[in-house]
Amino acid sequence: MLTPAFFFNSIALGFGLAMDAFSVSMANGLAEPHMKKSRMVKMAGVYAFFQFIMPVLGWIAVHTIVQYFKSFQKKIPWIALILLLYIGGKMLIEGIRQKGTQEAAENAQKEAHLSTGAILIQGIATAIDALSVGFTIADYNAVMALLASLIIAIVTFVLCYGGIMIGKKFGVKLANKASILGGCILIAIGIEIFVTGI
């Protein structure tokens with residue numbers, strides 16, 4: 001059912017999952033200060049596409065393979081909690097250590113103009129965590145799962161486009177704070193899913 005909570009959770013998931021891509025977008029903006037708008041749209045679009053497709057693939061996996069194991073349904077809140085705590089905790093630690101941001105900035109600076117292949121690899125790398133969202137939205141029907149994934153993609157696109165613009169102007173000084181915020185959001189969502197699922 002499309003309730004306000006559904007939209008709120010989908011948007012929150014989008015913010016949480018997009019923070020890695022947002023950080024990389026800022027680094028790319030720093031590396032290419034004269035990036036054209038068409039390239040900015042393409043880059044943000046790649047990140048958004050992978051943030052859309054990964055939850056869909058996770059949802060499909062749950063409903064094709066896992067549906068035959070009824071006992072598995074009771075474990076979904078636990079799996080969602082563990083996955084989101086792990087992903088969120090990892091982002092939180094990386095943000096505090098500023099490790100992920102520095103590496104992203106260094107990589108972006110090494111390649112002043114990223115190839116399409118490099119952008120695709122970044123898109124996959126920053127969205128792979130979103131595969132686990134398929135487990136967290138396992139109770140959704142197909143339309144709700146697609147809509148939630150689309151909302152996540154839209155949020156990702158907007159954040160990444162903004163991240164590139166910020167990177168072009170201010171660099172990656174704020175990227176570690178984005179990872180901390182994203183980690184906190186994912187941890188909170190994991191706890192909320194676990195509490196409501198149990």
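**Helices in a predicted model**

Ile 79 lies in helix 3 (residues 76-97). The model is predicted.

User: Is Ile 79 buried, partly exposed or exposed?
Analyst: Ile 79 has 22% relative accessibility. Buried means under 20%, and exposed means over 50%. Ile 79 therefore counts as partly exposed.

User: What separation do the C-alpha atoms of Ile 79 and Thr 136 have?
Analyst: Along the chain, Ile 79 and Thr 136 are 57 residues apart.

User: How many helices and strands does the chain have?
Analyst: From the N terminus on, the elements run α-α-α-α-α-α-α-α. The count is eight helices and zero strands.

User: What percentage of contacts between residues at least 6 apart in sequence join residues at least 24 apart?
Analyst: The chain has 198 residues, and 49% of them count as buried. For contacts between residues at least 6 apart in sequence, the share joining residues at least 24 apart is 93%.

User: How far does helix 1 reach from its first C-alpha to its last?
Analyst: Helix 1 covers residues 4-31, which is 28 residues. At 1.5 Å a residue, 40 Å is expected. The reach is close to that, at 39 Å.

User: Where does helix 1 bend?
Analyst: The bend in helix 1 is about 45 degrees. It falls at Met 19.

User: Why is helix 1 largely enclosed by the rest of the structure?
Analyst: Helix 1 has 28 residues. Helix 1 is largely enclosed because the number of its residues that are buried is 20.

User: Is helix 1 roughly parallel or roughly antiparallel to helix 2?
Analyst: Helix 2 spans residues 37-64. The axes of helix 1 and helix 2 come within 11 Å and cross at roughly 160 degrees. Angles over 145 degrees count as roughly antiparallel. So helix 1 is, relative to helix 2, roughly antiparallel.

User: Which residues of helix 2 meet helix 1?
Analyst: The crossing of these two helices, helix 1 and helix 2, is right-handed. Helix 1 brings Leu 17, Ala 18, Ala 21, Val 24, Ser 25 and Asn 28. In helix 2 they meet Met 43, Tyr 47 and Gln 51.

User: At what angle do helix 2 and helix 5 pack?
Analyst: Helix 5 covers residues 116-127. The axes of helix 2 and helix 5 are 8 Å apart. Their angle is about 40 degrees.

Definitions and conventions: Residues numbered from 1 in each chain as written. Predicted model: local features only at pLDDT ≥ 70, side-chain atom pairs only at ≥ 80, totals over all residues. Heavy atoms only, no water. Helix = DSSP H or I, 4+ residues; strand = E, 2+ residues; numbered from the N terminus. Expected span 1.5 Å × (residues − 1). Bend = angle between axes of the 7 residues up to and from the residue. Buried < 20%, exposed > 50% of the residue type's maximum accessible area, 1.4 Å probe, protein only. Axes fitted to C-alpha atoms, helices over the stretch in contact; angles between N-to-C directions. Parallel < 35°, antiparallel > 145°, perpendicular 65-115°, else oblique. Left-handed = near helix turned anticlockwise from the far one by under 90°. Contact = heavy atoms within 4.5 Å.
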